[in-house]
Amino acid sequence: MRKLMLSGAALALCTTATFADEVRVYNWSDYIDEALLEKFEAETGIDLIYDVFDSNEVLETKLLAGGSGYDVVVPTGTFLARQIQAGVFQPLDKSKLPNIGNMWDVIEERTKQYDPDNGYSINYMWGTTGLGVNVGKVQEILGADAPIASLGLIFDPGNMEKLAACGVHFLDAPTEMIPAALTYVGEDPDAKDAEALEKAEAVLTAVRPYIQKFHSSEYINALANGDICVAFGWSGDILQARDRAAEAENGVEIAYSAPNEGALMWFDQMAIPADAPNPEAAHTFLNFIMDAQNMADASNYVYYANGNAASKEFLVEDVIGDTAIYPDEAALQNLYTVTTWGPREQRTLTRTWTRIKSGT
């Protein structure tokens, strides 16, 4: 792999001219099997420059500034919708995507709220946001009846004060944490008015002293290694931590739960920036990802569900048979989605989140 990884600084020095033999992809960290990237290069002859990020806000800043230099990016649905309105993406040329027939209509119906007619993006992965728990440590601290599947585990200050001793990480993602806090107090998780934000802020501020870190990827290894005992994070990340711990045989038992009170269902979408240097190669990459076997290989590696119906027959039982990854009908009824934050609402959200994180 000659160009599998490239630093952000090096990328900034790259010319924006179109090269037929290069495609630049910007995806979430720990989110693909690198063997797939090697396979793409071998099959297409296109060199792949692959960089990673760990927050939607970082990606959005690059996209709105223009000239990011990337051909394929992977925003979450709520961010994608706002970016489409801002003219950030180009429509997909579906005549160049013969594998698009593999996509799952159930997921496409849900992603339409972010991308009408799914004209600008394809679903890469989807999942839920919930609780990752080191079962032994948490039960040692809170007892055998510890509420490991309840938002009360992380939003009840009494619990958090005790759990602080073994370490708790929260996502650095206000669009995930605010809805969870609203769900905990019985409010609409999609509420965006000032009163709702004040209620969510009160919940998070009350437990802020006991949160070791806000980060959107470090909790994977921290959980797996036993460095922390609780993380509120993305389903696949926590399941990766579970499996890493099992492989290491380090005595750490990790469990994932979508909260009993309700869990956010999210969608990560692959899209092509309007100023992509090589949209032709971008379409080639998307079509490669939509191959049933390739998409299954990606899910089998990261332990997330995907929006590709044809891939299901190639999924390992640990993935397709795990209701934490592919929820059954009853669990699906307990999942919610949220809509996009408008520009003014986003500014208020950002200020609120800054106050929560700083503890001021």
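Contact here means that heavy atoms lie within 4.5 Å. The structure is a predicted model, in which local features need pLDDT of at least 70 and side-chain atom pairs count only at pLDDT 80 or more, while totals for chains, interfaces and linings use all residues. Residues are numbered from 1 along each chain as its sequence is written, and side-chain values use heavy atoms, with hydrogens and water left out. The secondary structure of the chain comprises 17 helices and 11 strands, where helices (H or I, at least four residues) and strands (E, at least two) are DSSP runs numbered from the N terminus. With a radius of gyration of 20 Å, close to the 21 Å that the globule rule gives for 360 residues, the chain is as compact as a globular protein of that length. That radius is taken over C-alpha atoms, and the globule rule is 2.2 Å times the number of residues to the power 0.38.

**Overall dimensions and surface**

- Along the principal axes, the C-alpha atoms of the chain fill a box of roughly 60 × 45 × 40 Å.
- Of the 360 residues, 55% count as buried; buried means under 20% relative accessible area, exposed over 50%, and partly exposed in between (1.4 Å probe, protein chains only).
- Among contacts with a separation of 6 or more, 75% involve residues 24 or more positions apart.
- The chain carries 24 positive and 53 negative charges, whose mean positions are 7 Å apart. Lys and Arg count as positive and Asp and Glu as negative, with His and the chain ends not counted; each charge is placed at NZ of Lys, CZ of Arg, CG of Asp or CD of Glu.

**The nonpolar core**

- The largest nonpolar core has 114 residues, and Tyr 124, Phe 155 and Phe 170 have the most contacts inside it. Such a core is a set of buried Ala, Val, Leu, Ile, Met, Phe, Trp, Tyr and Cys residues joined through side-chain atoms within 4.5 Å.
- Beyond its neighbours within four places in sequence, Phe 170 is in contact with residues including Ile 154, Phe 155, Met 160, Leu 204, Val 207 and Phe 232.
- Ile 154 belongs to helix α7 (residues 152-155) and is buried, with a relative accessible area of 0%.
- Neighbours within four places aside, Ile 154 contacts Leu 131, Met 160, Phe 170, Val 207, Val 230 and Phe 232.
- Ile 154 and Ala 309 are 155 residues apart along the chain, and their C-alpha atoms are separated by 35 Å.

**Buried positions in helices and a strand**

- Helix α13 (residues 279-289) has eight of its 11 residues buried, so it is largely enclosed by the rest of the structure. Among the buried residues of α13 are His 283, Asn 287 and Phe 288.
- Asn 294, in helix α14 (residues 292-302), is buried at 3% relative accessibility. Leaving aside neighbours within four places, Asn 294 is in contact with Leu 36, Lys 39, Phe 288 and Ile 289.
- Ser 235 lies in helix α12 (residues 235-248) and counts as buried at 3% relative accessibility. Residues up to four places away not counted, Ser 235 touches Gly 127, Thr 128, Tyr 256, Trp 266, Tyr 304 and Ala 324.
- Val 73, in strand β3 (residues 72-73), counts as buried at 0% relative accessibility.
- Although Val 73 and Met 270 are 197 residues apart in sequence, their C-alpha atoms are 5.7 Å apart in space.

**Loop positions**

- Asp 30, in the loop between β1 (22-28) and α2 (34-44), has a positive phi of about 55° although it is not a glycine. Asp 30 is partly exposed, at a relative accessible area of 36%.
- Glu 249, in the loop between α12 and β8 (254-257), likewise is a residue other than glycine with a positive phi, near 50°. Glu 249 is exposed, with a relative accessible area of 71%.
- Pro 91 is found in the loop between α4 (77-85) and α5 (105-111). Not counting residues up to four places away, Pro 91 touches Gly 119 and Tyr 120.
- Pro 91 and Ser 121, 30 residues apart in sequence, have C-alpha atoms 7.9 Å apart in space.
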